[in-house]
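Okay, thanks everyone for coming.

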Amino acid sequence: MKLVQIPLALALAASALLAAPAPQATARESVSAATPDFDGDGKADVAVTTEDDSESEFLRIWYGSGRLADILPADLSAGQYGIHNLALLARDLNGDGYTDLVAATSDSSGVYVHIVPGSAAGLQPANRHSFLAFGKADERVKALALVEAPTPRLAVSLSNEEVRLYPLSSAGIPTGNPIALVPGKAKVPSMVKGSFGSSMDAWGNQLFVGAPDAKVNGKSAAGAVLAVTLDSAGVKSLKTITQATTSVTGAVDKYDHFGNAVVARDGYLVVGTPSDNVGTVKRTGSIQVFTLSGKGTIKPVKRIAQSSAGIPGKAERYDYFGAHLALGTTCNGIPTVLVGGPGEAIAKGHESDDGSAWLIPLRTVKDCVASQIYEGHGLPGTPWFRYIGDLLAFVRDGGAANDDLVIGGGGSFSEGPAGRLYRISAATGVATKLGSDGFIDTVAGR
């Protein structure tokens, strides 16, 4: 594989080679408070779900102060294996200046969502608000998102292909009856059935729900995204986006998995298609970039793959470029997408699964380049089947103009290596390892 060595610090300090128009809504993000910041000290914190030696999952929080804290299943009144790895959300739900953490557990009575409040002492599981989201055993929460306008709503995606939108009170607590989004019901098109809700994100009054196993034009698992626009009364409009949508680049093929990852921020929507065919390369993966407006307009901009101009690396089969995504800000206010390709082979003799990430600014500003990040380049260590790029987030310290990166790989029980997680400084490009090695499943960022 041809690897292009571009200094990470340069990529973090400037702006993009990619030509994409600025969105109609404001894309520049001002200097702000730290996020996530569970203890309000102005230093960004990182929360993950991880596993112990018995494969029991728990929550681990690395506070920006250097303090480490764990939230165990028992702290959430759950059994040993009650915490599930697909659902974490870090947002200030009640506007008190402390980031809250939303997580999910399940037991024989059903699926529970827990809102763990932040405080000057950090997260307080004893003071959490918990509610039953689905009263059926052996189900789980797949994804979480916060719709902020016109009224805050917590979106909870359940494993039965139902998304529920819970109105939040000023105290950040669900109130009233949730809106249910179910494929084939209440004007939600049946075509979005197929892992509906596997991924979700929101911007303004829009919620984007990925359905990567949806059948499109007779093609199994081609994938789709449902764009939901909300008003004060509820659902205002629905729009289905696929690779067959007008002006979306690429062809609809079996097992593309369009919508496997969706992220929205700063007037952009980015959709991951990790098994997309690009040129003659099968199942290599791509991302689709859209701009958003406050009026609900969703405009396709371009498809990006490793073969695109300015993107380091080489598109190869089963790279899974676009399997995971995060959106943040680098280059003093430029929206930037962090793209994971956990199937990427790096080390000589390895066929897959070392993993890599790409930092790709979404606007053209002089001297900023896209960069590729992997163990041995941007990250310390040697590539070794850790699936680098399946853990991605942006975090920001108070007063900073740019986001730090959080990049890691969950590790592999079958291949042996444990996972690793790093925080990369926007100012210096230096990667700092977060804690000791372990198997990590999900990370929560801004």
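The lining of the second largest pocket splits into 5 nonpolar, 3 polar and 5 charged residues. Here Ala, Val, Leu, Ile, Met, Phe, Trp, Tyr, Cys and Pro count as nonpolar, Asp, Glu, Lys and Arg as charged, and the others, Gly among them, as polar. The space in there is about 160 Å³. Of the 13 lining residues, Thr50, Glu51, Arg60, Asp437 and Gly438 sit closest to the centre. S1 and strand S2 (57-62) are the elements that give two or more residues to this lining.

By pocket I mean an open set of points on a 1 Å grid over the protein atoms alone, where a 1.4 Å probe fits, with protein on both sides within 12 Å along at least five of seven lines; lining residues have an atom within 4 Å of a point. Points join across faces, edges and corners, and the volume is the space filled by probe spheres set on them.

This is a predicted model, so to speak plainly: local features need pLDDT of at least 70, side-chain atom pairs count only at pLDDT 80 or more, and totals for chains, interfaces and linings use all residues. Numbering runs from 1 along each chain as its sequence is written, and side-chain values use heavy atoms, without hydrogens and water.

Now the backbone. Thr35 to Pro36 is a cis peptide bond, omega near -15 degrees, and Pro36 lies in the loop between helix H1 (8-13) and strand S1 (46-51). Helices (H or I, at least four residues) and strands (E, at least two) are DSSP runs, numbered from the N terminus. Ala149 to Pro150 is cis too, omega near -10 degrees.
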